[in-house]
Amino acid sequence: MLLLVLVVGLICYHVYKSIKPPPPIPLPENVSEICPRVKLNDGRYIAYRELGFPKDKAKNKIIIFHGYGSSKLVDLKITQEMIEEFEIYFLLFDRAGYGESDAHPSRTIKTDAYDIEELADKLQIGPKFHVLGMSLGAYPVYGCLKYIPHRLSGATLVVPLLNFWWRRMPQNLLSAALKKLPIENQWTFRVAHYLPWLLYWWLTQKWFSPFSQNPLKTMTERDIELADKHTKHSYIKESALRQGEYVSTQRDIIASFENWEFDPTELLNPFSDGNEGSVHMWCALEDKQILREALLYICDKLPWIKLHQVPEAGHLIIHEKQHFEDIIKTACS
């Protein structure tokens, strides 16, 4: 009997260890000397990067949210001439748990939105700013539209993620959007939604791959070229994931696919009372990850979102110089 209890205890301990996420990998003590960071009211630090026109003179102030597995080091395909022409100040930052930004133990779409507002206030960039997010990194844009709409001068969603469990969108449409992805990816997102406490184990076990290993199932050939050139550099990955994957990419997946307090179709136009500003959504017509019809549905329900459909473009549209400049020009118009 004692042996049985011992065996069961050892099994339970092993299971517990396998599903319990590790703590963040500590950052160097001199991290604030390596890159600029600001301290938030809850004690966490957010690392940031400023580019372009001086913020006290800029006509357009744009906060950019990096995508999944990326960081504030994302390369912006824009010329200095265009920055000066449109007087653009860019603020990029590591979202919680990425790069040199402290992890948030229970990060959600709401906490991300308030992090952005507090960061803007700490850096004194002004009462209004434009937010731009790409791919999975676009979910905080939805959060800003919901929780801090009074702070926005505009918003841009570039090939934005779809949460397949939004409650007010047609279920057949969301089901089709989920089935557009490889079966491995589908199950990973289901685990993130229904069993988030199991996600760490799911993504680290060695029995099967949690994501498709065939890049052509989620990217066009041009996407693969752009990924090799702009997103797979070792220094970007090492910087973005230096605190560990659980507090960065895995928390991203949970925040993206958990139950939100709202659906996008419930959002109110932040510029309906005469405030200047606009909201834009960019859809790449060759995107293998985002269902075009789902984005069309959102824009049909929210006609104040201006939809831009880009032919012969894939999911990594943001890394195409001409397309990125078009996105920024539209945001500044």
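Reader: Is Leu-195 buried, partly exposed or exposed?

Author: Buried means under 20% relative accessible area, exposed over 50%, partly exposed in between (1.4 Å probe, protein chains only). Leu-195 counts as partly exposed because its relative accessibility is 33%. This is a predicted model: local features need pLDDT of at least 70, side-chain atom pairs count only at pLDDT 80 or more, and totals for chains, interfaces and linings use all residues. Residues are numbered from 1 along each chain as its sequence is written, and side-chain values use heavy atoms, with hydrogens and water left out.

Reader: Where is Leu-195 found?

Author: Helices (H or I, at least four residues) and strands (E, at least two) are DSSP runs, numbered from the N terminus. Leu-195 lies in the loop between α7 (183–194) and α8 (199–204).

Reader: What is the strand order in the open sheet?

Author: Two strands pair if DSSP finds at least two bridges between them. Here the order is β1-β2-β4-β3-β5-β6-β7-β8, eight strands with mixed pairing. β1 (37–39) and β8 (305–310) stand at the edges with a single partner strand each, so one side of each has no neighbour in the sheet.

Reader: How many residues of β5 are buried?

Author: Six of its six. Phe-129, Val-131 and Gly-133 point one way, and His-130, Leu-132 and Met-134 the other.

Reader: Which strands pair with β5 in the parallel sense?

Author: β3 does, over four bridges; Ile-63 stands opposite Val-131. β6 also runs parallel to β5, joined by six bridges. There, Gly-133 has Leu-157 as its bridge partner.
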